[in-house]
Amino acid sequence: MLQFLTSLFKPKPTEAPPITSETSMNFSGEEVGPFLNRLADNPRFALPRDIAAAITDALPELTLDETRRWRIDGDFDGVAMRLEIQIYMDDINAPDLSFHSSAEVVAEIDQALKQLDG
């Protein structure tokens, strides 16, 4: 009975907003890990700690013209978000990374990408 009563007052987990936006950039293989680590260290994001390692560890396995996609659930500014990262190996050791999420999340990632480019 007590469990039933406490479940009534427990906050319901919020759902992540839908994926509506995308940004992308071509990287050299050695740039991917440091960029993803900087993204994970961004205080606006709460991402799984192992996401950068999981993606960079998969890079050597990708063959030319192969695509792989990761779905990541986390928080952005304290609100649930879903981020999908897709890697397309369009050249040897030069993956294209695309980031798919809500407009606010993609705008923050786009700012981080512009810091690399400029």
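Where is the place of N93? In this predicted model, N93 sits in the loop that joins β4 to β5, the latter spanning residues 95-101. Its phi is near 55°, a positive value in a residue other than glycine. Most residues other than glycine have a negative phi. D65 also has a positive phi, near 70°, and is likewise not a glycine. D65 belongs to the loop between α3 (51-58) and β3 (67-76).

Two packed helices are described by the angle between their axes and the distance between the axes. Helix α2 (residues 29-41) packs with α3 at an angle of about 165°, and the two axes are 9 Å apart. Because an angle over 145 degrees counts as roughly antiparallel, α2 is roughly antiparallel to α3. The crossing of α2 past α3 is right-handed. On the α2 side the contact is made by V32, G33, L36 and N37, and on the α3 side by A52, I55 and T56. Four of the residues in this contact are nonpolar and three are polar, with no charged residue.

Helix α2 also meets helix α4 (residues 103-117), where the axes come within 11 Å and cross at roughly 135°. The pair α2 and α4 is therefore oblique. This crossing, too, is right-handed. The residues that α2 brings to the contact are F35, R38 and L39, while α4 brings I109, A112, L113 and L116. By class, the contact of α2 with α4 holds six nonpolar residues, one charged residue and no polar residue.

The last topic is empty space inside the model. Rolling a probe the size of a water molecule over the atoms shows where empty space is left. How many cavities of 30 Å³ or more does a search of the whole structure find? The search finds one. The volume of the largest cavity is about 40 Å³. Its lining consists of L36, L39, L47, I51, I72, L83 and I85. By class, the seven lining residues are nonpolar, with no polar and no charged residue among them. Both α2 and β4 (79-89) supply at least two residues each to this lining.

Technical notes
Residues numbered from 1 in each chain as written. Predicted model: local features only at pLDDT ≥ 70, side-chain atom pairs only at ≥ 80, totals over all residues. Heavy atoms only, no water. Axes fitted to C-alpha atoms, helices over the stretch in contact; angles between N-to-C directions. Helix = DSSP H or I, 4+ residues; strand = E, 2+ residues; numbered from the N terminus. Parallel < 35°, antiparallel > 145°, perpendicular 65-115°, else oblique. Left-handed = near helix turned anticlockwise from the far one by under 90°. Contact = heavy atoms within 4.5 Å. Nonpolar A, V, L, I, M, F, W, Y, C, P; charged D, E, K, R; others polar. 1 Å grid on protein atoms, 1.4 Å probe; cavity = no way out; pocket = protein on both sides within 12 Å on 5 of 7 lines; lining within 4 Å. Points joined across faces, edges and corners; volume = space filled by probe spheres on them.
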